[in-house]
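Here are some exercises to work through with the structure open beside you. Try each task on your own before you read its solution.

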Amino acid sequence: MTTVERPAQENVTIRLRRAEPADAADVAAFAARTFAEAFGADNHPADMAAHLAGAYGVAQQTRELTDPEYITVLVQNDSGLLAYAQLRQHEPPPNVMERASVELRRFYVDSGWHGRGIAQRLMMHVFETARELGGDAIWLSVWERNPRAIAFYVKCGFRDVGVTDFYVGSDRQTDRVMLAELQRR
């Protein structure tokens with residue numbers, strides 16, 4: 001995949017590209033920081049630390065960036081990484097009936113770039129990538145206590161199809177499972 005340059009709102013040029021194994025350290029740092037910023041205040045510090053260590057270390061990111069089931073898309077500008085999304089091809093949960101579906105596993109935008117058009121651009125690219133992978137639908141899970149993200153996903157065409165468990169350390173939480181049909185172009 002080649003780099004795609006698109007102007008974002010405010011005439012800022014952003015680049016979207018697939019992450020490579022050499023990006024593992026940058027992705028790990030960005031992912032851990034944005035997850036902690038989004039959810040740290042609502043979770044016990046020990047559970048948060050355990051989750052960050054298990055999900056976002058450099059070794060874990062290297063494994064994901066070399067695994068053919070994963071595609072990680074980075075959004076950058078001249079100042080660095082602004083956002084990222086990760087798609088994964090694997091068996092969906094039982095409440096996702098569409099078997100030709102792709103999981104949107106992670107979707108994070110740096111808080112300083114919220115409301116500036118980055119998320120919409122990245123989501124358009126995610127939908128394009130899921131179609132390229134042969135998906136008829138895309139699904140995700142989102143913490144039920146994250147109304148801002150849920151509203152964004154609804155705005156992007158996702159609908160609620162059920163629940164699943166998500167663990168932050170030892171804390172079992174409830175995620176909403178959301179699904180969007182992909183329109184063929």
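Val177 has a relative accessibility of 0%, so it counts as buried (under 20% relative accessible area; exposed is over 50%, and partly exposed lies in between, with a 1.4 Å probe and protein chains only). Before we go on, a word on the model: it is predicted, local features need pLDDT of at least 70, side-chain atom pairs count only at pLDDT 80 or more, and totals for chains, interfaces and linings use all residues. Residues are numbered from 1 along each chain as its sequence is written, and side-chain values use heavy atoms, with hydrogens and water left out.

### Exercise 1

**Task.** Find the element that holds Val177, and list what Val177 touches beyond its neighbours within four places in sequence.

**Solution.** 
- Step 1: Val177 sits in strand E8. Strands (E, at least two residues) and helices (H or I, at least four) are DSSP runs, numbered from the N terminus.
- Step 2: Contact means heavy atoms within 4.5 Å. Leaving those neighbours aside, the partners of Val177 include Pro93, Asn95, Val96, Trp139, Leu140 and Ser141. Arg159, Asp160, Val161, Gly162, Val163 and Thr164 are also among them.
- Step 3: Now look at Ser101, placed in strand E5. Its 7% relative accessibility makes Ser101 buried. Not counting residues up to four places away in sequence, Ser101 touches Pro92, Val96, Ala137 and Trp139.

### Exercise 2

**Task.** Work out how helix H1 (residues 24-39) lies against helix H2 (residues 45-55).

**Solution.** 
- Step 1: Take the axes, which are lines fitted to C-alpha atoms, for helices over the stretch in contact; angles run from 0 to 180 degrees between N-to-C directions. For H1 and H2 the axes come within 10 Å and cross at roughly 155°.
- Step 2: That makes H1 roughly antiparallel to H2. Angles over 145 degrees get that name, while under 35 is roughly parallel, 65 to 115 roughly perpendicular and the rest oblique.
- Step 3: On the H1 side, Ala32, Phe35, Ala36 and Phe39 meet Met48, His51 and Leu52 of H2. Sorted by type, the residues of this contact are six nonpolar, one polar and no charged. Here Ala, Val, Leu, Ile, Met, Phe, Trp, Tyr, Cys and Pro count as nonpolar, Asp, Glu, Lys and Arg as charged, and the others, Gly among them, as polar.

### Exercise 3

**Task.** Which residues of H2 are buried, and what do they pack against?

**Solution.** 
- Step 1: Asp47, Met48, His51, Leu52 and Ala55 are the buried ones in H2.
- Step 2: Looking down the axis of H2, these buried residues fall within an arc of 130° (taken from the directions from the helix axis to the C-beta atoms), so they line one face of the helix.
- Step 3: Here's the background: an α-helix has 3.6 residues a turn, so residues three or four places apart point the same way.
- Step 4: Turned away from the buried side, the other face of H2 carries exposed Pro45, Ala53 and Gly54.
- Step 5: The buried residues of H2 pack against H1, helix H3 (58-66), and strands E5 (101-109), E7 (159-168) and E8 (171-181).

### Exercise 4

**Solution.** 
- Step 1: The axes of H1 and H3 come within 8 Å and cross at roughly 115°.

### Exercise 5

**Task.** Is Leu82 buried or exposed, and which residues does Leu82 touch away from its neighbours within four places in sequence?

**Solution.** 
- Step 1: Locate Leu82 in strand E4.
- Step 2: With a relative accessible area of 2%, Leu82 is buried.
- Step 3: Leaving those neighbours aside, Leu82 is in contact with Ile14, Phe30, Val75, Gln76, Asn77, Val109, Asp110, Trp113 and Ile118.
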